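Visitor: Hi, I've got a protein model here and I'd like to find my way around it. Can we go through it together?

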Amino acid sequence: MGTAVTRYLAQAGMATAVIGPDEPANWQTHPGVFASHYDQGRITRRLSKDPVWSQLAINAIAQYRYLEQQSGIPFYTPSGGLYVAAPHMDNGYLAQVETIGRRCFQVAYEALDTPELAERFPFLAFPPNCTAVYEPDPAGYINPRDLIRAQLAVAQQHGAAIIRETAVHITPGPPFTITTDTGRTIESEKVVIAAGAFSNCHGLLARPLALRVKTETIILAELPDTEATRLADMPTVIFQIEDPALDSIYLLPPIRYPDGRVYLKMGCNTRADQYLPDLEAMRNWMIRGNSDVILAEMKQALQTMMPGLQATSWHSKRCLITYTASGYPYVDQVADGVFVATGGNGSAAKSSDAIGKLAADLVFHDAWVSDIERSFFTAVYA
Ligand SMILES: Cc1cc2nc3c(=O)[nH]c(=O)nc-3n(C[C@H](O)[C@H](O)[C@H](O)COP(=O)(O)OP(=O)(O)OC[C@H]3O[C@@H](n4cnc5c(N)ncnc54)[C@H](O)[C@@H]3O)c2cc1C
């Protein structure tokens, strides 16, 4: 979100600097903050049970190709996306995508019955009588690291400064003096706090926001080349599984990671998830949390969904999900000259560009100019 805010403000002609550390090379010895985007794949789709999230995704997806072109950095693969809900888990999904998706936003999708699901996706297996919806291109996935690089590249083209440090203090203002972990100070008339799970840390905000940060575990199944080729045309998958230990599974197609290997990534809520109260608890989780505690159950779920999957190694990884009280990101002015864009609710990578634009417009115009109603994004305080 922060890189999108930066890009839009720089393009609007404001003197803009983004302050934020790059991904740590070594998590174990990293002394600072982490982020929720250290990965190669985030699902993007227009269908949602919620019209606000649909609209944000539609607005963001409309920018992907432009951003790729302007930056020269590809980050988007429109692989299509499959949504499957086990028989007792669909909660009216079909009716909602019909109303919100097709009628409200003209999003094309196909509802699939059990035989159609098996025929179209023979490498996947689900219980009989699931609800299944296939959303074609432009649904797919983005590489969040490359999306950030693209946003920053375009922001830089328009004069933005990138300061790869951590803000540790902000004086009351305006004007504000922001101090970073290296002791550098930056003067600014306006500030936007877009620090994800860490937005309430370091006293950056005079009044803390109502944010709940949850541990999130993903597993990576390393695939040999033959298996990656076999599954190359796979869509993204969301599966509302009926299971005592896991729920809300998401699965990405085979993607090459920076270590040169190809992995399938699966994530979900698990019975081991915990809420993290403060900076130290978040750092502890990211550095030494025991994500392996749920690896066996997650592996089993993936192998059940993909019978015969040939994986050469299995790994768990840790991440953070930041929930707001409203279920929508907070995009708001919280004091004179102080704005927030935070609270992804586990769904904001795909829409970060559109959320960033809402914040940048608010900063630039000192008014809400979007067609999406402002009240959805009102900050709630702790
Ligand atoms: C495992 C996992 C899977 C997900 N899957 C999906 C998906 O498929 N689709 C989807 O749309 N979304 C998905 N999400 C959610 C999505 O990744 C988040 O909603 C999104 O990253 C939130 O963006 P953000 O900018 O608010 O926070 P972040 O991405 O965490 O960025 C915050 C930035 O602020 C920086 N920062 C923190 N403190 C400071 C400070 N004091 N000074 C300066 N900088 C600071 C951090 O270093 C970081 O760069 C997933 C999340 C997780 C964890």
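This is a predicted model: local features need pLDDT of at least 70, side-chain atom pairs count only at pLDDT 80 or more; totals for chains, interfaces and linings use all residues.

Visitor: Okay. And how many bridges join β10 and β11?

Guide: Four bridges, with strand β10 (residues 176-180) and strand β11 (residues 185-188) paired in the antiparallel sense. The two strands make a hairpin with four residues between them, and Gly183 in that hairpin has a positive phi near 95 degrees.

Visitor: Where else can I look for a cis peptide bond, say around Pro138?

Guide: Look at Asp137 and Pro138: a cis peptide bond joins them, with omega about 20 degrees. Pro138 sits in the loop between β6 (131-135) and β7.

Visitor: What does β7 pair with?

Guide: β3 pairs with strand β7 (residues 140-142) over two bridges, in the antiparallel sense. Tyr76 has Ile142 in β7 as its bridge partner.

Visitor: In what order do the strands of that sheet come?

Guide: β2-β7-β3, an open sheet of three strands with antiparallel pairing. β2 and β3 (76-77) are the edge strands and each has a single partner strand, so one side of each is left without a neighbour in the sheet.

Visitor: And what holds strands together in general?

Guide: Strands of a sheet pair through backbone hydrogen bonds, either parallel or antiparallel.

Visitor: How many residues from each domain take part in the contact?

Guide: 39 residues from domain 1 and 28 residues from domain 2. On the domain 1 side, α5 (144-157) and α9 (352-365) are the elements that give two or more residues. The largest share of that side, eight residues, comes from α5. By class, the domain 1 side has 20 nonpolar, 14 polar and five charged residues.

Visitor: Tell me about α9. Is it mostly covered or mostly open?

Guide: Mostly covered: 11 of the 14 residues in α9 are buried. Among them are Ile355, Leu358, Leu362 and Val363.

Visitor: What do those buried residues pack against?

Guide: The buried residues of α9 pack against α1 (2-11), α2 (51-71), β12 (191-193), β19 and β20. As for its span, α9 reaches 20 Å from its first C-alpha to its last, close to the 20 Å expected at 1.5 Å a residue. Just after α9, Asp366 takes a positive phi of about 55 degrees.

Visitor: You mentioned β19 and β20. How do they run?

Guide: Antiparallel, with five bridges joining strand β19 (residues 330-335) to strand β20 (residues 338-342). Val331 stands opposite Ala341 in β20. The two strands form a hairpin with two residues between them, and Gly337 in the turn has a positive phi of about 80 degrees.

Visitor: Now the ligand. Which residues come nearest to it?

Guide: Of the 34 residues around the ligand, Ala35, Gly196, Cys319, Gly344 and Ala348 come nearest. β2 (42-44), β13 (211-223) and β18 (313-324) are the elements that give two or more residues to that shell. β18 has the largest share, three residues.

Visitor: What classes of residue make up the shell?

Guide: It divides into 18 nonpolar, 13 polar and three charged residues. Domain 1 and domain 2 each supply at least three residues of the shell around the ligand.

Visitor: Last one. What's the phi of Gln106?

Guide: It's near 55 degrees, a positive value in a residue other than glycine. Gln106 is found in the loop between α3 (93-105) and β5 (110-112).

Visitor: Why does Gln106 count as exposed?

Guide: Because Gln106 has 9 other C-beta atoms within 10 Å, and 12 or fewer makes a residue exposed. Asn129 is another to look at: its phi is positive, about 65 degrees, although it is not a glycine. Asn129 is found in the loop between α4 (114-120) and β6, and with 11 C-beta neighbours inside 10 Å, Asn129 counts as exposed.

Methods
Residues are numbered from 1 along each chain as its sequence is written. A residue is near a molecule or strand if its C-beta atom, placed from the backbone, lies within 6 Å of it. Ala, Val, Leu, Ile, Met, Phe, Trp, Tyr, Cys and Pro count as nonpolar, Asp, Glu, Lys and Arg as charged, and the others, Gly among them, as polar. Domain bounds come from an automatic or database domain assignment. Two strands pair if DSSP finds at least two bridges between them. Two residues are in contact if their C-beta atoms, placed from the backbone, lie within 7 Å. The expected span of a helix is 1.5 Å times one less than its number of residues. A residue is buried if 20 or more other C-beta atoms lie within 10 Å of its own, exposed if 12 or fewer, and partly exposed in between; C-beta atoms are placed from the backbone.
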